[in-house]
Amino acid sequence: ALDEYLQDVARKNNLTVRGLETMTEQLNVLDELSIEDQAKLLLEQIENIEAERKELQRMADVYASQNLDSIYAFIQTPELEGEFGDALIKNRNINMADRLAVILLTETTFCAVGAAHLPGDFGVINLLRLKGYTLRPMYK
């Protein structure tokens with residue numbers, strides 16, 4: 001919903017809109033899990049719907065805090081360790097930072113990525129800093 005809103009604002013202002021990854025790349029993350037594991041996760045979510053709702057609210061509260069350390073702490077879960085976590089966050093962050101760095105060489109850019117992709121050693125912010133970019137918040 002937020003990314004759609006930002007795209008609409010950009011288009012209404014005749015700005016170029018690009019993705020840092022494709023839908024196929026996003027969906028390919030699921031390939032890190034077997035079909036059985038995907039089904040198990042889905043079933044667990046359905047069976048624990050009330051706990052899932054509470055976790056979603058907690059995630060929204062952490063996001064609303066605008067505190068990158070809190071967001072980073074929130075995503076540090078056993079489920080996001082190992083190959084699946086690398087595919088879901090780390091590898092995508094590396095790809096997004098690499099692609100954004102190319103764009104930034106030639107264009108003034110506003111970029112929006114999911115909040116979980118910002119913090120940490122392999123967060124987009126740090127990866128761009130390692131490439132020599134200076135980043136600062138637009139407001140606090």
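Which residues does N93 touch, not counting residues up to four places away in sequence? Select N93 in this predicted model and display its neighbours: H117, F122, G123, V124 and L127. N93 sits in helix α6. Its relative accessible area is 1%, so N93 counts as buried, the cut-off being under 20%.

Next, select L20, M96, A97, L100, A101, I103, V124, L127 and L128. These nine residues form the largest nonpolar core. Colour α6 (82-104) and α7 (124-130), the elements that each supply two or more residues to this core. The greatest contribution comes from α6, with five residues. Two of the core members, V124 and L127, are also among the contacts of N93. In soluble globular proteins, nonpolar side chains tend to be buried together.

Stay in this region and pick L128. Leaving out residues up to four places away in sequence, L128 is in contact with A97, L100, A101, L104, Y133 and L135. Of these, A97, L100 and A101 are listed in the core.

Now move to the second core, which is separate and has five residues. Select V62, I71, F74 and A115, which are among its members.

Finish at Q66, which follows α4 and has a positive phi, near 60 degrees.

Terms used:
Residues are numbered from 1 along each chain as its sequence is written. This is a predicted model: local features need pLDDT of at least 70, side-chain atom pairs count only at pLDDT 80 or more; totals for chains, interfaces and linings use all residues. Side-chain values use heavy atoms; hydrogens and water are left out. A nonpolar core is a set of buried Ala, Val, Leu, Ile, Met, Phe, Trp, Tyr and Cys residues joined through side-chain atoms within 4.5 Å. Buried means under 20% relative accessible area, exposed over 50%, partly exposed in between (1.4 Å probe, protein chains only). Helices (H or I, at least four residues) and strands (E, at least two) are DSSP runs, numbered from the N terminus. Contact means heavy atoms within 4.5 Å.
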